[in-house]
Amino acid sequence: MRHRRAPRSWRFVALLCVVLPFCGAYAAAPGFGTARAGAVWGAALEFIAPRTLEPLGIPRMAVWGLSGITALDPDLTVQEQSGKLLLYGPNRIIFATAAPQPTDAMAWGDACAAVAARAFAVSPALERAGTEGVIRSFFDELFNHFDPYSRYEAPREAAQDRAMRLGHAGLGITLGREGSAVVVARVAPSSPADEAGIATGMVVLAIDGAATAGRHLAALQSRLRGPAGSSIALTVRPARSLPQTVRLTSGLVPTQTVFGSMNENIAMLRVIGFDRDTGEQFAAALGALMAGNPAPKGIVIDLRGNRGGLLRQSALSVDTLLGQGTIIRTVGRDPAADRLWRAEGGDLARGLPVVILVDGATASAAEVFSASLSDNDRAVVVGSATLGKGLVQSVTSLPGGGELFVTWSRMIAPRGWPLQGLGVFPELCTSLGTNSLAAQIASLKAGRDMLAKPLAETRAARAPMPLAEVLALRDSCPASVGSSGYFKAAKALIDDPVAYRAALIHPLIGAAARGA
């Protein structure tokens, strides 16, 4: 394959760049956002450098990122040699610029942008990718050297992600019908409607003065929508009260992540993620179920498929069930990453047996929730080995609206074992088949736990761990999604105090784990 021969003018510039220490005058390329790329990369390097789990150094990370140029155009490579950043084309140096001081992140961002701009000028592949594509490729290649969870989100993605984390604008009211009357069917917790005192069951007589009688629900519901800051006058009639008009201003409606129900006198709490208001939602749902008549005899918390979310919200949820004890510990190179989370609340469930359902897709903050209650003997975990995502990311906004997620700490369970890689090993395993599950339940009813040995080994594990050792421990209850028998197993434990006590961690491995 014959390579393109550079135009004579570019060859002349390349020669000058080898001789001169700086070539900034030639770095600008039409169509490439040099200033934007430099600001984004400089801010990113400045944020990352003190936070990585292992010290890496800004120059090394910058060169890793610049290999994104090669990923877009294999004819181009970047190296740092003799105090210079060199952009190579086929058999020649295209561009050179002095390498900044090793600790000057912003200068390195500008230098990287100068190299990228020069590459952009000679490469149709980079031109097709555009400024944002080159910026993204820098981060893709940089984070190839990191863990699976550090990442960059472009401005549009970041805005969507923030909206999902925070919620959406609205009033937080869902309408329904009771006979011919339009009523409030649901009010989202912490929404503008909730804060204004709107409650389920209120009859909605008018919206902005227009009567609701005879109108379709879909049309009425659409009248409640509007951008943040818009206002609506709602005329409602509470039970055994006169009508009243309340003016509501559209605002943040947190995403609903907790759903409560009753099944065979067992309180069921399904938690699909840990977002901004999950802790509050969890406490409210648990309190409502506990206040039911009859009161529940036990609690099942379903975390299957829960990919995690905010560590703080997981800790707040644990706090509603755990009166005292360690929730989780985080450890990193940056002193600000070291934190000990302890329970400071009270047990809203008043000591009722708690069973947590997990599977191979349960991850991160959901694993923290499971490990905390299990290690503190407050719950029995039923299911399979979880994903094993035990790293915490620190998030920052970048110039232009993008976001950076950088792993900066490891999560350590209350008994000292690492969540990363290992995951949470359940006290009752559903992924070994129905016969094994039946045998485990029968053994627990007799006061014995067939999984005592792998449970003790996982809780005694300490980081760092060889991969082979991690896999061997996880093989005792392989990660699985979709296996059956979860609720039946949970009910068997709740219905039999002997089986429930036998499944708890403390009587089985407490001494072994503490002595490890």
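1. Let's start with arginine 36, which is partly exposed in this predicted model, at a relative accessible area of 27%. Its salt-bridge partner is glutamate 132, and the closest N and O atoms of the two are 2.5 Å apart. Glutamate 132 is partly exposed as well, with a relative accessible area of 25%. Arginine 36 sits in helix α2 (residues 34-48) and glutamate 132 in helix α5, so this pair ties together parts that are 96 residues apart in sequence.

2. Next, have a look at arginine 378 and aspartate 347, whose side chains meet in a salt bridge at 2.9 Å, N to O. Both partners are in loops: arginine 378 in the one between α11 (365-375) and β19 (380-383), aspartate 347 in the one between β17 and β18 (354-358), so the contact links parts 31 residues apart in sequence. Arginine 378 has a relative accessible area of 11% and is buried, because buried means under 20%. Aspartate 347, at 24%, counts as partly exposed.

3. Glutamate 457 and lysine 453 form a salt bridge at 2.5 Å, N to O. They are 4 residues apart in helix α13 (residues 452-460), which means a separation of about one helical turn. Glutamate 457 is partly exposed at 34% relative accessible area, while lysine 453 is exposed at 57%.

4. A search of the whole structure gives 14 salt bridges.

5. Now for the open space. The largest pocket holds about 1000 Å³. Its lining has 36 residues, and those closest to the pocket centre are Gly309, Leu310, Leu311, Ser364 and Gln393. Elements that contribute two or more residues are α6 (155-166), α10 (311-319), β17 (339-342), β20 (391-397) and β21 (403-412). The largest share, 5 residues, belongs to β20.

6. What about enclosed space? The whole structure has 1 cavity of 30 Å³ or more, and the volume of the largest cavity is about 40 Å³. Trp41, Gly65, Leu66, Gly68, Ile69, Ala116, Val134 and Phe138 line this cavity. Helices α3 (58-72) and α5 (124-143) each give two or more residues to the lining, with α3 giving the most, 4 residues. By class, the cavity lining has 6 nonpolar and 2 polar residues, and no charged ones.

Technical notes
Residues numbered from 1 in each chain as written. Predicted model: local features only at pLDDT ≥ 70, side-chain atom pairs only at ≥ 80, totals over all residues. Heavy atoms only, no water. 1 Å grid on protein atoms, 1.4 Å probe; cavity = no way out; pocket = protein on both sides within 12 Å on 5 of 7 lines; lining within 4 Å. Points joined across faces, edges and corners; volume = space filled by probe spheres on them. Nonpolar A, V, L, I, M, F, W, Y, C, P; charged D, E, K, R; others polar. Salt bridge = Lys/Arg side-chain N within 4 Å of Asp/Glu carboxyl O. Buried < 20%, exposed > 50% of the residue type's maximum accessible area, 1.4 Å probe, protein only.
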